[in-house]
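Please read it beside the sequence and the model.

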Amino acid sequence: MTTTFGIMEVNLVSARGLKNNEFWGIFSIMIYYSCLFYFFHLMFVGQGSKPEWNEKFTFKIEYPSVDGQYKLILKLMDHDTFSADDYLGEATIYLKEFIELGLENGKAEIHPKKYSVVGSDQCYCGEIQVGITFTPKVHNFFFFDTYPNF
């Protein structure tokens, strides 16, 4: 099987229904942020007092992957100034069929949709809205020059 490379663009839109776990409860301000993981790539989303990001991130994709894992993990955190940040939960989006569809059709797209956020206890604790696009690229030197960390 030949290796194909491509670009996955993740549009992190917003989150809703996240638990306020601050000590002062209603009088505190939650500062949400999210970490996106695909393979060993980590991208940090800037903080804000409302979980409305509308930010896009680009990942380089190799298919087939070295470990056979095709998932995007979105970890939601609450920033704390004087203590360790609080883990709120995470959403996992499985992408194997999505990438295969992109390879077959020249592009695949998931318009922004809601995914469940689950906590450490595997219980629902909110939702995150994400859109994803995957575009395969022809293996050539231009591609590697454009994306040097490949």
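A residue counts as buried under 20% relative accessible area, exposed over 50%, and partly exposed in between (1.4 Å probe, protein chains only). The model is predicted, so local features need pLDDT of at least 70 and side-chain atom pairs count only at pLDDT 80 or more, while totals for chains, interfaces and linings use all residues. Residues are numbered from 1 along each chain as its sequence is written, and side-chain values use heavy atoms, with hydrogens and water left out.

The protein chain has two helices and eight strands, in the order β-β-β-β-β-β-α-β-β-α. Helices (H or I, at least four residues) and strands (E, at least two) are DSSP runs, numbered from the N terminus. Of the 150 residues, 41% are buried.

A nonpolar core is a set of buried Ala, Val, Leu, Ile, Met, Phe, Trp, Tyr and Cys residues joined through side-chain atoms within 4.5 Å. The largest one has 30 residues, and Met8, Leu72, Leu95 and Ile128 have the most contacts inside it. Elements that each supply at least two of its residues include β1 (4-16), β5 (71-78) and α1 (96-105). Contact means heavy atoms within 4.5 Å. Beyond its neighbours within four places in sequence, Leu72 touches residues including Met8, Phe37, Phe59 and Ile132.

A salt bridge is a side-chain nitrogen of Lys or Arg within 4 Å of a carboxyl oxygen of Asp or Glu. The whole structure contains four salt bridges, among them these:

| Salt bridge | Closest N and O atoms |
|---|---|
| Lys56 and Glu9 | 3.9 Å |
| Glu52 and Arg16 | 2.1 Å |
| Lys114 and Glu127 | 3.6 Å |

Lys114 in strand β7 and Glu127 in strand β8 are 13 residues apart. Lys114 counts as exposed because its relative accessible area is 54%. β7 and β8 pair in the antiparallel sense over eight bridges; strands pair if DSSP finds at least two bridges between them. The bridge partner of Lys114 in β8 is Gln129.

Glu90 lies in strand β6.
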